[in-house]
Every structure is written in structure tokens, then in C-alpha cells.
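Dear colleague,

Please read them alongside the coordinates.

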Amino acid sequence: MDGSTNSLDDVSAGSSAEFPDRLSLMEVRLQAQEDEITLLKSSLADALRKLRLHDQQIPLLKQQLIAVNPGAARVLNQSFSVDGFSKPCRLSTSSLDGLHHPVNSHVSNSTENGEGSRAHSVPSLKAGTSERSTQTDPWTPESVRTPLAASKSLCLEDALPEGVSLMEEALNKLHQETQEEENNEDEREKDRSWRSVVEEPIQPTSIRTLQQQQSKSSEESQGSAPQTPTSSSPAPPKEPSSSPHTGPLSPIMEGEKTLMRRNSEKLSKDTQDKTKQRMPKKAASSTNLLTRSPSLEGRAKDLLASTGTQGSRRGTQGQSIKMFIRGRPITMYVPSNIQNYDELKMDLPSEKLELDWVYGYRGRDCRGNLYMLPSGEAVYFIACVVVLYHVTKQTQRHYRKHTDCVRCLAIHPGKVLIASGQTAGVDKDGKPLQPFVHIWDSTTLVTLQQIGLGTFERGVGSVAFSNADAGAFLCVIDDSNEHMLSVWDWNKNTKVVEVKSTNETVFAVEFNPADTNNIITCGKSHVYFWTLSAGTLTKKQGIFGKYKKPKFIMCFVFSLTGDVLTGDSEGNILTWGKSAADIKTLGKGAKETFQIMKQTRAHEGSVFTLCVLQGGALLSGGGKDRRIIRWSADLAPERECEIPEKFGAVRTIADVDGEELLVGTTRNAILRGTFSDGFVATVQGHVDEMWGLATHPFQNIFLTCGNDKQVCVWNAEEHSLSWCTTLEESGLCADFSPNGAVVSVGLSTGRWLVMDLQTREVVSDLIDGNEQLSVIRYSPDGSFVAVGSHDNFIYIYSVTEGGRRYTRFGKCTGHSSFITHLDWSKDGKYIMSNSGDYEILYWDVAGGCKLLRNRYESKDREWASYTCVLGFHVMGVWLEGSDGTDINALCRSHSERVVAVADDFCKVHLFQYPCPKPKAPSHRYEGHGSHVTNVRFTHSDSHLLSLGGKDTCILQWRVKRSGAADNKDHPNFSLPPSTSTSFSDPGNQREKELG
């Protein structure tokens, strides 16, 4: 009994050990299935739209058949009585006695009105692997026809653009595919590389060619009628017999009139009837199969596309381009004014960008990052840019040789050279990039040395120049686990010594100004005194003795007397002085050491920074109390002031002229002022990730908002912050009304606010859903506003009273994932939208927020703005292998000449517009240290604004135009940037062409 109990315990223990692994595996599979289901839903929606399009084409085809041959109307409309019941009449090759002819035979038919005989030829067709002989039935007089009571009605499926009857074949194939998928459901389809396939959509019929041959003298039938295509179709075969899929119609040979019928001699009447009965069941079955196996979505689309070939059509009208993102096909239609897509040339735009201004300062998590130069410039950094800001002239220069975020700065004793270290970062493939230190000239911005490439890990945390030897050496501490300390002869780019520092965080490092061989570091729970001797570094830890050991030593400086002053997290300033070595404790030969000589209570909370003035006075900056205190040389307080709470705590202090100061704060602001006059902000920025960006319709101002709940309005001409307000929630999107009086801001909870630009008051507060809003866009005339939400809906509001009154007009329902981008047409009647599952949909707002099922009809529509990342005109901005999230935003210029792109790899791109071909060239610009979240052109296209995500940086780029760019048309792109504005009904257009 005991043995069985033990065995049961062992089994139970083994099962318990396996349970977490099995549970985690099931969770991973469940998440993968949920992602596939999301893609499946959109795929199924596309299939349903195709079926509706097929149904809509049947009456149009009837009209064309009747227009070509009025005799067809009698056949199509007649019904005959069989056994007392009225049944439709169907003509088939099997029921017309005496009209069976061999394949490829010529049939002559004489009409009663004396027309000459016309030859008919029928090519053999193949469907899948089975051959079908298709025969052409001539139109015969009623006296020659077989009695219709024994026949059936004319089958209209023969002329469908995608044969509806062929859906059965697609479903059979789909069923077979499904069985294979169910046996291998653990397999996942590999991401297909980004590719483009030029396709011509299936046309309803070749009647246009037939009519042209029948009436050669009629010029009214020269143009081909615009037809309603399907979303994906295989390219037309050159030879009918070589086509892998048989379509409803084959091209009509020149000089011959043929009316194609897809009736097969191998398919009997019973087979056709059973097929129709099985179709609804199989359609429902296919839906269930797709639901169970989302990975079949691409194959299902291919099967649906393979059921027909294209009809005859001149030129390139109706072409479509297909691209793939994460294995999902996205079909886009070529505008009518593009005659030959293959011959389009994608060139670099003649416009270029030049960095004009950098908004922001990195004070929230970096120390020792603000210095004054003798030139009157303040040096600081944000993102990948080191900014040299002239305090008096209010101008900026930029050092931009870093490849990722700058983390630290050091000024050479000569006050001209600067050392700046950066973090490691990763490339677009996720591979780590090596950090390094650049030493550069602040006058010429020329890089003199690159130090430590391949040596440092993760990033460079602190740097310092030596002083006693005119700055010949550079000390660097990296961000590795051991915080490696290394000393470099930077002129020779050689490493003198390297040693492990500590596993704790290191905040600062400095050389002793009187002795290069002495180095001090401080950080969490330590202050170390290093000695460089004979190529080795040895350290001694500072002993606190009777004084309370603080958790953090935040900063330190050297006084003019040679003492070391440290500021700690307890709010104290400790004075460390040299004293004779304690021989009893350390033994004979021990050198002098630093010991605490004095403790001064300075601040409530941490002492974040210390700064020694020229006369020996000391400045200290507090964290919690936000105070700046001036101390005498013997640490007696002299003056103090407190900075406003909205700017945060004091991060660092820089002396301008002994009286005026620059103060960097933890909320990314730089203040300028004195103790007597107070401090005002000269540099400001966001403190958390930004997403919302909007530019004014006729002024050089723009608005930003982000996760820090701040809404900021900036003046692009004066490079200043006009005003800022704090919201209750994070702002994620924004847009100015066309009259420029109000601006709408979308929040993270489904609320959106309308704010008056002058009074800064909220004039309207609305809410749609309970999920975050991703886009807000006013119509061109300002009469409507569209709000895109993460609940998959687009909410439409009518706007009155100059943008101060909003009334719900409707809701656009049809997306299967969250809304990402949307744009209005120039006439303000339609919307184009993108969603999180890479779907492109079009909406008729004026017609009641209806979804436009036929996307083909929107190919020539003009758009007031272009911010949708998916569309024919911007297809070329996607790199090969993109996963759908690589591009966060884009914006077309108002001149419709260029398009700016914000990508996920810290880059801003400038492409030619339109940009419809893959691998289009672009100008690429660096500067951001995080994913670029948004881009917008100013109203005159003079500048481009770009937002960094985590780097909290706003970059303002000047758009430089070359001489060739002054003309309105692109020099190397012959097509106009905007397409035709014709929105005539396709049916009416066909009737006009048919005469």
C-alpha cells in the first residue's frame, strides 16, 4: 500500500512539474490562434465583398449582351411552359440538335436579312488538370432553332468576370486544403517577402472587342468601358490554351466574332443542377473551414482569384498591384491616368531636409548634461543630437554624428573640444550596435576621434577629461554589469588601463584637477578613490565612519582647496579632505586618504547637483524641495530660490557669467535667470512618449500631445512654446479645424476635446466608445470631423458654429481591427481608412457612412491629405520584408510633390510622390533615438515636423528645394501627382460608350 502511495505521489509530482510548461505552451498557441483569427475575419470579409460584386455585374452584362445583339434579349427574357409550369429557358450545346461541331471548327450562319456568313472559332480550354472542349453556338433564326420547351435558358454565368459557377471548384480545392491544414495545424506560414505583382482584373466580357469588329465604322465604341473588377486576379495568359485556369471568356481573335459559352460537353444537365444545389452548403462549409484554419486565408484568396482569366482590354486600365505584409495580400488599383505601370521611374525627390531646430532636453534620466562654452553657447543633448544653443542670439547648431541616444558629455579644459558618449542601440534587424565616444571640435563640429568602438558594452554612462596634463587623457565608464572603468590616451586612440568598477550604478567620474593619477567615482552606496600607478588602477572606498551612509552619492565636485564635496540622497553635503594615513589600521607605507571632515545639511530630499563658481562659491540643487542654494567657500548659505513645480526638480546647473545661471530640470526644461530676477524657461519639451501632432492650416504653429498628458502649442518661426496645458488623460491624436480657430485632441479613454486656440478653453467634450482614439481628421471644408477608434469604428460628426458645436452624424462600421489612419477626399464626401490588420476601406460619408464595396471605383479619387500608410500612391515606401508596423506615419506635402515617412528604426525618409513602385529611393535622415511616431508638413511646406517616441524629442526640418524643383511637375515623373476627379457612375459611362 505504501509503495502504491509513493508511486502515485511520484506521478502527481511529475504531472505538477509538467503542468506549467504545458500551460505556457497552450497560452502561446492560443495567442497565435487569436492573431490568425483576426486576419481571417478580414479575409472572409474580402471574400464576401467579391461575391456581392459578382452579383452586381450580372445585370450590367445583360445590358451589354442586349446592346450587341438585340436578339439575345428575346432569349434572355422568354420563359416557356413545360407540363403546365412556367420555367426558364436555357440553351445548351447538348439540347440544340444538329448544332454540335468539333472543337476548333468553323460554323457558318446565314441570317434572314442577308448578312454574310461569319466564321467562329473555339479554342480548347483547360480547368485545373482536366481539359474541357468549349463550343461556340451561333445565333440561329427561330425557324431553325430546336423547340425551346425541351431546352433551358441562356446561362449568364458564361460572361461573368469571375465565374460564379466556378466557385464550386474553388470550394472543392479549399476543402482539400483544409484537410491538410487540420493535420498540420501546428505549422505556421512563414512571412512572405514583400513583393508586387502587376495584375489586370477580370473584365466582365469581351463584348467591346466584338462590337468594335462588328461595326468598324462606329467610333463611339473605341474606348473600353470601366468595369468593376475583383480584388485579385491572375495576369492574362498570352495563349488561351496555355492558361492554367479557365475563365468565363477567352480573348476574341481579330477579325472573328465569337460569343463564348462555358458549357462543357462533359457536364450534363444533372451535374449542373446538383452543382447549384450544393453551392449554398459548400459556401457555408467554406466559411466554417476558414474559421477553423485561419492560415488558409491566403490560399482561399488564390483559389477565388484562379477561377477566371481577364477579358480583353486595351491599355492598362484596370490594373491592380498586390503587395504582401505578414503574408496577407493587399490589392491596390492603378489609377486610370497611368498607362504603363512597368515603365514608371522612381527617383530621389529634388527636395531635401536640413535640421533647423531641436525642441527638448534630456534631463529626466541623465546627469552632468548642461555646460557653457566661452562662445556663449550652452551645450546639451537630446536623442542623437548634441545641441549648441546660443543663449543671447537664440540660435542652434547641431552635432549629429551619433547613431543612437547620447548619454553623457564632458568639456575639455581648453573649453573647445567636447567628448560625448552614446548608448548601444539596435539596428532594424534587432542586432545590437556598438557604443562609442566621439571627441569633436565645438567650433567646426568636426569629429577628431572615435573612442572605444567594440570595447564598451550597452552604452557609455560617464566620461571625463583630465585637467592637470591639459586634457591628454579621457576616463570612460560603460553600462555593463561590472561598469568597466577605462582610461584612454585619446590623441593616440589607445587604451591605457581598464578595470572592473562595481556592480552598482555609477553616476559620475572625474579626474582630480591637480593630479591625473587620481580619479573619483560615485554612485549607489559608494564613493571610490582610484589611483593610477604603473599601468594599473587601484581603488579605495570612502569610509563614512560615524556619519550615516547614504543610499546614493548623487554628485561631487572639487573645491579650490582640493577637498571633495559630495551630495547625497539624505540631503547632505559631505566634505572629504586628505589626511595622514592611519598606520595602526592600514599598516606601514599607507598613503594619505580622503576622510569626511564635515557634514552640511543642505536640502530636503536628495542633492542632485553641485557647481563650483569662479570665486570659490558653491551652488547646490535640490530634488524634492526644488531649491537652488548659493554657499560661501566655507559652506555658509548665502542666497536661495525655488523653481516652479511644473518644471520638476533641479537636475544640473551651469554658470553663465557668475550671476546668470542655466538650470536643467527633471521635466526636460532648461531655465535661465538669476537669484534676484527668478528663472524662466528657455528650452522646454515633453517628458514621455509622444504620438499626437497637428499643424495649423495657415499659420506656422503646431500642436503636440503624448503620454505625459500635456498639450503643447509651438511657434515654428520663433522656435518657442506658445502655451501648454495639462489634461486628465494621455493625448494620442489631434487635428486643427480648417478655420484654424479650434483644435481637437483625442485621448486614451475614448474622450476627445475641442479647445479654443486663443482662450485655451475646452469648448466641447465628447466621448466615443471606451477605447483609445488613434486619429482625428476634419473634412476639407470643416463641416465634418471623423474620429477613428481602437474599437474598430469611425465616428462621424457634423460641425457647426465655427467648430464649436458637434452633432453625431453616423458611424462607419466594417473594419475588423482598430483604426490607424484616415483621410478625406477633396470634395469632403468620402473617407479612406487603414486598420491594424492592414485593410484599406473606402466610405461614402455623404451617402450615410456606407462602406464602398467596390474599391476599384475609388482608384481615381483625389484626397485632400494623404496620411494613410497603405495605398497605391505610397506603396513604394514599404521596405522588402516589412511586418506592417515598420512605418508608423507618413504625410504628403501640400504641393503633392513629396511624402515624408516616420519609421520604427529612428529614421525620417523623404520620398517622391506619388511613390507606387517597390524599392523606391529616398533621402534618409537620422536624429531621433527612438521610433519616430509622427510627421507633418507646415501649411506652406517650408518645414517638416517629426516626433520621437521614447526620446521625447521634436525635430523641425527645413525643406530645401533645388532649382529643378521649382516647376510644378516632377522632372522625372511624367504623370500628374493627383489623379482624375471623375466620379461618374460606371454604368452610365458604359452606356455612353456603347452609344
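Which class of accessibility does lysine 826 fall into? Lysine 826 counts as partly exposed, at 38% relative accessibility, where buried means under 20% relative accessible area, exposed over 50%, and partly exposed in between (1.4 Å probe, protein chains only).

This is a predicted model, in which local features need pLDDT of at least 70 and side-chain atom pairs count only at pLDDT 80 or more, while totals for chains, interfaces and linings use all residues. Residues are numbered from 1 along each chain as its sequence is written, and side-chain values use heavy atoms, with hydrogens and water left out.

The count comes to 31 salt bridges, each being a side-chain nitrogen of Lys or Arg within 4 Å of a carboxyl oxygen of Asp or Glu. Lysine 826 takes part in one of them with glutamate 862, the closest N and O atoms being 3.9 Å apart, and glutamate 862 is buried, at 15%.

Another joins arginine 897 to glutamate 351, with 2.6 Å between the closest N and O atoms; this pair links distant parts of the chain, 546 residues apart. Arginine 897 is buried, with a relative accessible area of 5%, and glutamate 351 is buried too, at 2%.

Glu354, Asp356, Arg958 and Lys960 are linked in a salt-bridge network.

Finally, strands S35 (residues 670–674) and S36 (residues 678–683) run antiparallel and are joined by 5 bridges; strands are DSSP runs (E, at least two residues) numbered from the N terminus, and two of them pair if DSSP finds at least two bridges between them. S35 and S36 form a hairpin with 3 residues between them.

Best regards

Methods
Helix = DSSP H or I, 4+ residues; strand = E, 2+ residues; numbered from the N terminus.
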